[in-house]
Amino acid sequence: MAYEFERTQRIAVLGGGPGGYEAALAGAQLGAEVTLVERAGVGGSAVLTDVVPSKSLIATAEASNAVKEAADLGVQFYARGAHDKAVKPDVAINLAAVNKRLLGLAAQQSEDMRSNLLDAGVRLVQGEGRLDGSNAIIVATARGGTDFDRIEADTLVLSVGATPRVLPTAVPDGERILTWTQVYDLPEIPEHLIVVGSGVTGAEFASAYRALGAKVTLISSRDQVLPGEDADAASVIEKVFKRNGMTVLNKSRAASVVRDGDSVVATLSDGREVRGSHCLMAVGSVPNTRDIGLEDAGVQLSESGHIRVNRVARTSMPNIYAAGDCTTYVPLASVASMQGRTAVFHAMGDLVSPPEERNITSNIFTQPEIATVGWTQKDIEEGVVPGVIYKLPLASNPRAKMMEIRDGFVKLFASNGSGAIIGGVIVAPKASELIFPLALAVEHRLTVDQFAEAFPVYPSLTGSLTDAARAMHIVR
């Protein structure tokens, strides 16, 4: 027997990124009348200019590295000629073709998401939107703002995202000085790419472009790359960067970046100059919360301009929720999706299970990758949570030996006494895939003994997880 929802609740979503998309889907599935407003395309910057294209670029870089390192596995390449001798391959990257592919993937993903929303019964409105009080969104649906659409709703969900931060002394021109949203217009691999900022974005792009063949100089204002991440993991990544020929300038701050003809000059705060062909500015992002009516609607913002939300993604206004990088919560696409669903479930009285922030997995897509979940080693060392630490180098893993993996490790954190797994770090190829068993263990409070009872495939990289847990066996 088919049931039809009587659509009694009206939900308006501003922004079609991961948070807005999931909020709209959840609302439609629960029977609400849902309207989603998006200015660029469904999926937002995460799909169109950020996560999808950047990770596609990184996948190409990984393929390039795999070809270069194939000789280590006994795969030989020959240049047919007078000597017929094995040679080390010189990999050529057609960046224009790479960029065309990854932007095509992003567009297809956006279209798939758009189709899903339409199939679910969501009304889509394209245009620039802003709040009109606490119960409506006004949308400029024509260029120049000549046509407007006013959408009234019982519940509003804001998912307006963030944009790259721009420094007044290093203004991007889209050709030589670039943000991470502009790199996909490059016609060829930069001869010498200067990356300003050694956080997640800077490290990922520096890693990718070095693998693609560019000379790379990474300018880091901190003691080492990836400040704030696990210190052992960051140390491995910096060692790999330098071994692969990247120049890493630690404790160096870029005071300015200017264009000089067909080159760029980065001037450091100590007066040193770094000259390259291009510069990528990776100095953080700012939320897209200005001039969209938040203050007039009574929505509270942090000093940085982010929307303050609680664990169910609710703002200071009871009927207004927010999700994604525009909020004070964890800026990850997966988290934005969860926030969008949680917001609508809460607004419509459905069951809500707010996540523990420390149980959220995150990953840095360098080569190798860094994946983390749960409490950190710093938390344990500073006494925030009592725990024990065990670190197992990946080089001891038989599958790693077969694959010529030289760098990386598995690190587990367990609670004193009970032995419950409370966190972990994995540095390895495809660490983003390997972290999931640890995420389950942390979420469900499995002990190291319970975790070690599971059977990993032999040989496999996941075997290092159970090996580490077995080494932490609790004598009872």
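The side chains of K55 and S54 are joined by a polar contact of 3.4 Å. This value, like the others below, derives from a predicted model. K55 belongs to helix 3, which comprises residues 51-68. Its relative accessible area is 22%, and K55 is therefore classed as partly exposed, given that burial requires a value under 20%. Beyond the neighbours within four places in sequence, K55 makes contact with E204 and F365.

An unreviewed UniProt entry carries the annotation "binding site" for K55, G129 and D325. These positions span 271 residues in sequence and the farthest two C-alpha atoms are 29.0 Å apart, so they do not all gather at one spot.

G129, another of the annotated positions, is placed in strand 6, residues 128-131. Is G129 buried or exposed? Its relative accessibility is 15%, and G129 therefore counts as buried, the limit being under 20%. When residues up to four places away in sequence are set aside, G129 touches L14, V37, I137, I138, V139 and I292.

Attention now turns to a pair of packed helices. Helix 1 (residues 18-29) and helix 8 (residues 333-347) pack with their axes 7 Å apart and at an angle of about 30°. The crossing of helix 1 past helix 8 is right-handed. On the side of helix 1, the contact involves P18, G19, E22, A23, A26 and G27; helix 8 contributes A333, A336, S337, G340, R341, V344 and F345. By class, the residues of this contact comprise 7 nonpolar, 4 polar and 2 charged.

Helix 14 runs over residues 463-471. Which of its residues are buried? They are G463, S464, L465, T466, A468 and A469. The elements covering these buried residues include strand 23 (387-393), strand 24 (409-415) and strand 25 (421-428). Helical cover is also present, including helix 11 (431-434), helix 12 (436-443) and helix 13 (448-452).

Notes:
Residues numbered from 1 in each chain as written. Predicted model: local features only at pLDDT ≥ 70, side-chain atom pairs only at ≥ 80, totals over all residues. Heavy atoms only, no water. Axes fitted to C-alpha atoms, helices over the stretch in contact; angles between N-to-C directions. Helix = DSSP H or I, 4+ residues; strand = E, 2+ residues; numbered from the N terminus. Left-handed = near helix turned anticlockwise from the far one by under 90°. Contact = heavy atoms within 4.5 Å. Nonpolar A, V, L, I, M, F, W, Y, C, P; charged D, E, K, R; others polar. UniProt positions renumbered as here; feature names shortened; annotations may be inferred. Buried < 20%, exposed > 50% of the residue type's maximum accessible area, 1.4 Å probe, protein only. Polar contact = N/O pair within 3.5 Å; in protein donor to acceptor, adjacent residues only side chain to side chain.
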